[in-house]
Structures are given as structure tokens and as C-alpha cells.
Amino acid sequence: MRRSLIQSHFGKVASAAVLALPAIAMAADEAGKKGTVIPGIKQGVPMMVATFLVFGIVFFLLWKFAWPPIVKGLEERDRKILEGLKASKRALAEADAMKERYESQLTEARSEAQRILAETKARQAEFTAELRSKADAELSRMREKAQKDIDAARRVAVNELYAEAARLATLMATKILEREVSEQDQARLVEQALSEFESSRRASNN
């Protein structure tokens, strides 16, 4: 639309120039009739007047019709430039705000990660302590069981040893006394030997 308006204005200017051409042509024709290339002052006055008239018309048309659209276009361009600057400032402010939000979220994420890491370490320490306590308890139980087994095995071995010793002692006594010892006597001797052994063992433990 602006282009058509400018074309219309320039069309008017061209029309005015065309209207002024006859005067210029007449002046040139008169100069040609005089046989001189450069017209004199008298012949040049109409041409000068026509030239000023054309210049005035062109200047007026430009000032009236061409200059306002140009000024308007410049103002429109300035307005767009200002709007662009304002949009750039808004975008920069939004980018700064987004950066602050990102940094804040990053800080919160780091704090959360540190908290989770601390909780994980604490749980790991608790789990390790629990495992160690269970292992110690199991080891104590195994030690007690082993000690009981050892004591039982030792008692069995001692009983067997004393039984064998009593049997040998009985056999030797029988041969010495030339008589047999009854089973009751043998059992009594075994019990007596075991009793003496238990008494000596308790005395050694104390």
C-alpha cells in the first residue's frame, strides 16, 4: 500500500513535470529560432521561471506527499527497533530469572544429594554394626558349643581312661591277692577314681 502511495505521488510529480515541459520546449524553440545555443537573458527568463516553477512543484509535492510516508516509515522503524530492544531486555531478564531458578534448583539438588549420601553412610554403618554384632554373637555361640563339646569329649576320655586304669588296677590287685574282684567292687573302684579325679580337677581350676 505504501509503495502504491509513493508511486501515486511520483506520478503526480511526473505529471507536473510533463505540464512544465511545454514552457521549457517553447523557450528552447525560441532559442533555436534565434540560432543560438545559449539563450540570452530575455530568452532565458521563461526557462528559468519554468525551472523554478517545476522545482517548486516538485519540492511541494515531495514535502506534501513523499516526505510524510518517509518520516512515518522512519518512525515505524524506530518504533520497531525500540520494541526489539524492549523484547531483548525482557528476554534477557527472563534468561537471568531462569538462570537464578536453575542455580537454586541445582543448589537444592546438591543439598538433597548430600543428605541422601549422609543417610546412606549412616545406614551402611548401622548395617555393618548389626552384621558385626551378629557375627560376634554367632562366634560366641560357636565358641561355647565348641567348649562344651571339648569338655564333654574330655570327660568321656577321662572316664574311659579311669575305667581302663581301674580295670588294670583291679586285674593287678586280683593277681596280687589271688582272688577275683566282683563287678560291684570294680564299679565302686571306678566311681571312687572318678570322684577323686573330679575333686583334683576342681582344685586345679580354682
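Phe-60 counts as partly exposed, because its relative accessibility is 45% (buried is under 20% relative accessible area, exposed over 50%, partly exposed in between, with a 1.4 Å probe and protein chains only). The model is predicted: local features need pLDDT of at least 70, side-chain atom pairs count only at pLDDT 80 or more, and totals for chains, interfaces and linings use all residues. Residues are numbered from 1 along each chain as its sequence is written, and side-chain values use heavy atoms, leaving out hydrogens and water.

Helices are DSSP runs (H or I, at least four residues), numbered from the N terminus. The two ring centres of Phe-60 and Trp-63 are 6.3 Å apart and the planes stand at 40°, so this pair is tilted. Rings of Phe, Tyr and Trp (its six-membered ring) pair if their centres lie within 6.5 Å; planes under 30 degrees apart are stacked, over 60 edge-to-face, the rest tilted.

The whole structure holds 2 aromatic pairs. Phe-55 and Phe-59 form a stacked one, at 6.4 Å centre to centre and 20° between the planes. Both residues lie in helix H2, 4 residues apart, about one turn. Phe-55 is exposed at 56% relative accessibility. Phe-59 is exposed too, at 53%.

Now the patch. Val-49 lies in helix H2, which spans residues 41-177. Val-49 is partly exposed, at 48% relative accessibility. With Val-45, Met-48 and Phe-52, Val-49 makes a nonpolar surface patch of about 380 Å². Patch residues have over 30% relative accessible area and no salt bridge; like charges are joined within 9 Å, nonpolar side chains (Val, Leu, Ile, Met, Phe, Trp, Tyr) within 5 Å. A salt bridge is a side-chain nitrogen of Lys or Arg within 4 Å of a carboxyl oxygen of Asp or Glu.

Terms used: Accessible areas come from the Shrake-Rupley method with a 1.4 Å probe; for residues, only the protein chains shown count as cover. Helices (H or I, at least four residues) and strands (E, at least two) are DSSP runs, numbered from the N terminus.
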